[in-house]
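Here is a short briefing to read alongside the model. Please keep the sequence and the 3D view open as you go.

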Amino acid sequence: MGAYINPIYPYKSPADLMSTPPQRKPLIVIGAGPVGLAAAIDARLQGLDVLVLDDDKTVSVGSRAVCYAKRSLEILDRLGVAEQACNMGVSWNIGRTFLEEDEVYQFNLVPDAGHKRPGMINLQQYHVEEMLIARALELGADIRWQHKVTAVTRHDDHATLTVETPDGTFDIEADWLVVADGARSPIRRHLGLDIEGRVFQDRFLIADVIMKADYPAERWFWFDPPFHPNQSVLLHKQSNNVWRIDFQLGWDADPEEEKKPEKVIPRLQAMLGDDRPFELEWVSIYTFQCRRMTDFRHGRVLFVGDAAHQVSPFGARGANSGFQDADDLMWKLGLVIKGQASEKLLDTYAHDRQFAADENIMNSTRSTDFITPKSRTSKTFRNQVLALAKHYPFARKLVNSGRLSMPSFLTESVLNTPDTDAFEGQMVPGAPMDDAPVQVNGQDAWLLDQVGKGFQVLLFVDAVPSPEVLAQIASCGSAPLRANAQPVQATPLIVATTPLNIPDVKVIVDSQGLVAKRYDARPGTTYLLRPDQHVVARWRTLDTHAVQAALARATGLNIGSHIGPA
């Protein structure tokens with residue numbers, strides 16, 4: 001057994017970036033953590049130049065974000081790293097909650113079959129960052145290590161950055177600036193921007209423990225276990241025989257004392273047994289908060305991930321919601337940079353992801369209040385729920401040891417076209433798409449792998465469409481959005497019940513009928529899909545004008561001064 005050794009990335013002199021007057025770049029990302037790197041990769045997949053500035057020269061120290069949810073894995077599939085992450089990570093769907101030594105509740109994140117990715121994988125953040133860095137470099141992103149941004153000045157049409165390096169300080173300008181510099185966000189503080197919410201008065205010990213153990217690949221959470229009375233403990237398996245263990249300590253715990261090996265090791269021995277060999281890889285003490293910025297967009301400066309919002313670690317909403325931020329932002333920013341959409345489209349990034357952050361904060365706060373009750377009433381409620389859950393199934397649903405990250409349904413987005421036809425199921429406008437098995441050219445494949453490279457029109461058929469319908473398909477996927485701008489295209493994609501040969505149109509076969517089931521589809525059903533794999537509109541029959549109007553709306557053509565519910 002041995003601890004992870006952080007790679008050191010090479011420093012490159014900024015001589016090529018220094019000039020008077022300052023150089024202007026179309027897009028700069030501050031922060032080479034998971035969310036900043038995801039944004040940079042997405043930019044390169046759209047053919048956009050991107051410069052990434054990071055003040056460090058390595059990946060994160062310690063496991064940090066360890067749980068990557070199914071939706072994040074689907075985003076990472078689109079970015080090109082999910083297969084590698086899943087191969088290295090520990091896949092799991094089952095979570096168990098214990099009171100003392102008795103199991104009182106369990107859940108299954110993916111109760112039905114027919115999904116490419118598991119409900120969750122556990123993988124240390126440093127491994128994910130290494131994969132994202134390699135992918136970003138492969139795609140041509142310019143990543144500069146030991147480039148610390150010390151000041152940002154906002155202007156109407158750009159931002160000016162002051163960057164400090166071992167070779168001196170220089171200024172550089174960005175048409176657009178994406179800030180992904182983490183929960184403490186020096187840039188947010190430098191600009192004097194607010195972040196509001198609750199800081200919870202409790203402390204937790206994180207221990208990354210290297211050991212060989214035969215525990216199953218599941219999430220285990222204990223309330224009041226005999227090895228750590230009156231507190232809670234969380235156990236996760238990670239890659240390379242590393243186990244993540246969180247001990248609740250209470251607000252009065254001394255952070256510096258509790259990090260010392262002579263304090264940590266006895267806690268682990270009480271839990272694991274004295275005779276089990278183990279090695280500490282990383283130890284940290286944390287408090288947590290549930291809060292967000294009032295607005296994620298400030299002109300040409302856009303905040304993503306922990307820089308914009310923070311939640312408690314219970315529920316794995318931090319990195320997962322950050323990936324969804326980048327996923328939402330980058331297709332919109334790409335259209336704006338290419339002149340295909342107005343800047344107002346970026347206001348919908350702020351509105352929609354602020355809505356998602358509020359949802360995450362609400363769920364995270366509920367989990368935290370259950371795990372660490374701060375009043376006599378809430379503690380009585382928690383203890384009664386746990387006592388009842390040992391014997392009565394109804395109470396088990398009330399046990400909240402961290403409701404796990406779920407993607408946000410952006411049903412309030414102004415970009416959606418409301419339903420005019422009756423549909424069943426969850427694939428409402430604003431919903432993240434459900435995956436399903438399909439066949440492409442006779443080979444097994446997955447629905448989500450066929451979408452996500454732009455807008456797409458999904459048409460369900462049971463036979464080769466007539467020439468008239470094919471002509472409609474060809475004409476409905478383009479909306480002239482702005483004068484002198486390249487129109488936004490929506491690529492047609494046909495879902496058939498049997499293999500069909502349709503020239504110039506991709507056909508996927510709903511081999512198990514799960515696409516039609518999950519999308520409540522029948523022949524003629526039409527969906528308009530966003531580049532980030534969200535449903536934006538749907539109809540029972542193909543209507544060229546309706547699709548074009550919905551595409552124009554989805555790209556912000558008719559956005560007014562108020563960005564709110566449709």
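Which residue forms a salt bridge with Arg-78? The partner is Asp-327, and the closest N and O atoms of the two are 2.6 Å apart. A salt bridge here is a side-chain nitrogen of Lys or Arg within 4 Å of a carboxyl oxygen of Asp or Glu. This is a predicted model, in which local features need pLDDT of at least 70 and side-chain atom pairs count only at pLDDT 80 or more, while totals for chains, interfaces and linings use all residues. Residues are numbered from 1 along each chain as its sequence is written, and side-chain values use heavy atoms, with hydrogens and water left out.

- Helices (H or I, at least four residues) and strands (E, at least two) are DSSP runs, numbered from the N terminus.
- Arg-78 counts as buried because its relative accessibility is 17%; buried means under 20% relative accessible area, exposed over 50%, and partly exposed in between, with a 1.4 Å probe and protein chains only.
- Asp-327 counts as buried too, at 4% relative accessibility.
- A network of salt bridges links Asp-42, Lys-70, Arg-71, Glu-74, Arg-78 and Asp-327.

**Other salt bridges**

- How many salt bridges does the rule give? The count comes to 35.
- Side chains of opposite charge can pair when their charged atoms come close.
- Glu-343 is partly exposed at 31% relative accessibility, whereas Arg-297 is buried, with a relative accessible area of 12%.
- Asp-532 and Arg-530 also meet through their side chains in a salt bridge, at 2.6 Å from N to O. Asp-532 is buried at 1% relative accessibility, and Arg-530 is buried with a relative accessible area of 2%.

**Around Pro-21**

- Where does Pro-21 lie? You will find Pro-21 in the segment before strand S1 (24–30).
- Is Pro-21 buried or exposed? Pro-21 counts as exposed because its relative accessibility is 62%.
- Pro-21 and Glu-173 are 152 residues apart along the chain, and their C-alpha atoms are separated by 9.6 Å.
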